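Colleague: Please take a close look at a single part of this model, the place where the two chains touch. I would like one connected account, with whatever background is needed to read it.

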Amino acid sequence: MNEIFNGILQAINLILTLNPEVVEITTRTLFISLSATFIGAIISIPIGGLINFKKFRGKRSLINLIQTLYSLPTVLVGLFVFLLLSQSGIFGDLRLLFTPTGMIIGQIILIMPILIGFTITALKSVGNDIIDLSISMGASEFQAIYTIMREAKYAIMAAVILGFGRAISEVGVAIMIGGNIRGFTRVITTTISLETSKGNLEISIALGIILLGIALIINLLLNQIQEH
Amino acid sequence: MNILELTGISKKYDKETLRNLNLKIKKGANLGLIGPTGCGKTTLLRIIDLLENPDSGKIIFKDINVLNCSKKDKMNVRRKIGMVFQKPVVFRGTVMENVSYGPKIRGQDKNAITEKIIETLKSLGLDGYEDRNASSLSGGETQRMALARVLINEPELLVLDEPTANLDPLSTEKIESVILGLKKKETTIIMATHDLIQGQRLCEEIAILNHEILQIGPPEDVFSKPKNRFVADFVGVKNILQGHAEVTSEGLSTVNTGSLTIYSSESLKGSVHVSIRPEDITLSLDKVKTSALNEFKGEISEIRKQGALVNVKISVSNEFFMVYMTRKSFLDMELTIGSPVWIQFKASAVHVFR
């Protein structure tokens with residue numbers, strides 16, 4: 001018990017003194033997950049729009065599939081991307097394995113189902129009467145879609161924030177694609193798992209507190225959006 | 001010039017909502033669409049607004065065959081039509097953002113028409129509302145904003161689906177006065193309403209709709225000369241009797257209801273209905289010397305006071321007639337249930353229809 005209490009005190013110390021390693025790991029974590037979320041959103045929101053607005057055979061099944069992929073185990077995505085990026089994989093020549101870039105790609109693939117699926121839900125929940133109004137007022141197809149996306153703005157934002165939450169808190173992809181290399185691909189989650197098993201509680205707790213803090217901020221943001 | 005021609009429009013959901021409907025609307029016309037619940041009013045308006053396609057039929061807007069044209073042409077036609085829905089709808093944002101939606105999608109510079117928007121809002125009693133959050137408006141305010149939202153685009157055809165239904169009196173008054181003001185602009189208006197009196201007040205022509213157009217014409221015609229039993233019942237025509245009509249040589253017809261023979265100056269042969277407006281029937285205690293061809297003896301079966309008037313129901317043989325009289329006359333004649341009376345009405349007051 002004493003050890004844990006000491007660990008907490010030292011963790012707070014690490015944070016308050018802006019310990020270089022803590023800062024470095026936190027910065028890298030934010031960079032990787034924010035990039036993945038940003039790029040993922042740019043790709044996924046239009047795809048979500050396309051799936052929602054177009055009529056095609058198998059639409060129901062596709063949406064079901066996407067929703068099933070929400071809670072895909074992160075190690076499976078890690079495995080999948082590993083196979084793609086490894087020496088014998090299709091993209092092996094790009095040498096992205098064990099790099100931050102590879103991790104970004106992995107996280108993009110991980111959160112795309114959430115981003116696409118929740119975008120579709122957000123768009124579907126825009127009432128038919130709003131769609132009727134846009135068309136009745138003479139909006140072109142493009143203008144009508146833009147209008148609907150604007151109406152679903154907050155719901156789509158919530159989807160993006162949720163995606164970020166999943167990206168930043170996962171371990172499977174980060175550890176398998178990144179390899180947890182000190183000074184290069186170590187992120188908060190992978191560091192916590194490594195250092196805890198080594199018995200270095202202070203840094204684990206410090207990073208844990210930071211991760212909790214980020215989760216709290218995410219929650220506050222989501223609540224703000226809910227109000228709209 | 002007809003701005004809109006609908007031919008053979010049919011639409012079925014689980015039951016036939018519209019059945020071979022034909023309608024021609026002249027430019028600048030002001031048409032009221034009246035019918036019972038479920039008659040297909042909203043469906044018809046949505047089809048006119050090009051929000052839905054009919055199952056069959058043709059729609060011609062000015063010269064364009066709307067069901068058979070390019071997407072761009074259809075969009076341009078939609079831009080000339082403005083519709084206010086029965087249930088108020090708002091976009092996210094302020095009143096200004098809502099009302100400037102039309103100009104925005106037409107590529108107009110928002111700043112150039114800001115003044116026009118403010119003017120339009122003012123005419124609907126919404127001055128100062130520009131920066132208000134549109135979803136915070138009351139039902140009446142929202143409908144007024146919705147009307148402003150379509151009027152700003154100067155539509156050639158204005159389609160209104162029960163625009164004042166369930167609204168507060170101020171909103172109703174503002175909306176009605178704006179609609180009346182549109183007559184000067186030569187805007188063609190089609191308005192669905194439940195309210196016969198509003199229809200009479202605002203519209204130059206009325207169409208009675210029950211899955212198809214049953215009668216169309218000026219309110220006076222529709223309300224006092226119904227073409228068929230449905231219209232008669234719906235507009236509340238009183239004193240409807242059924243019988244067999246034969247045309248006599250003097251330009252009159254006689255209608256035999258089985259218990260009475262009634263003279264009418266209209267000529268329609270065969271199995272018919274007749275209606276006589278209560279205001280056209282006079283009542284007396286004794287037989288009088290009158291030019292009216294129809295005179296019958298009967299007795300009072302029901303008395304109902306209605307403000308300054310008294311509704312008296314008189315039974316004549318097996319038929320019933322409703323007559324209105326002033327309270328004074330009623331009291332002067334000392335009438336009660338069972339009082340024997342004579343009723344008279346002219347042949348010209350008897351409207352004959354199928």
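Modeller: What follows describes the contact between the chains, then each partner in turn. The model is predicted, and every value below is computed from it.

At the contact, 13 residues of chain A meet 14 residues of chain B. On the chain B side, the elements that contribute two or more residues are α2 (71–80) and α4 (101–105). By class, the residues on this side of chain B comprise eight nonpolar, five charged and one polar.

Chain B itself is assigned two domains, domain 1 covering 2–234 and domain 2 covering 240–353. The centres of domain 1 and domain 2 of chain B, taken over C-alpha atoms, are 41 Å apart. Between these domains of chain B, seven residues of domain 1 are in contact with six residues of domain 2. The domain 1 side of that contact in chain B has three charged, two polar and two nonpolar residues.

Along the principal axes, the C-alpha atoms of chain A fill a box of roughly 70 × 45 × 25 Å. Chain A has 228 residues, of which 40% count as buried. Among contacts in chain A with a separation of 6 or more, 77% are between residues 24 or more positions apart.

Technical notes
Residues numbered from 1 in each chain as written. Chains lettered and ligands numbered in written order. Predicted model: local features only at pLDDT ≥ 70, side-chain atom pairs only at ≥ 80, totals over all residues. Contact = placed C-beta atoms within 7 Å. Helix = DSSP H or I, 4+ residues; strand = E, 2+ residues; numbered from the N terminus. Nonpolar A, V, L, I, M, F, W, Y, C, P; charged D, E, K, R; others polar. Domains from an automatic or database assignment. Buried ≥ 20, exposed ≤ 12 C-beta atoms within 10 Å, placed from the backbone.
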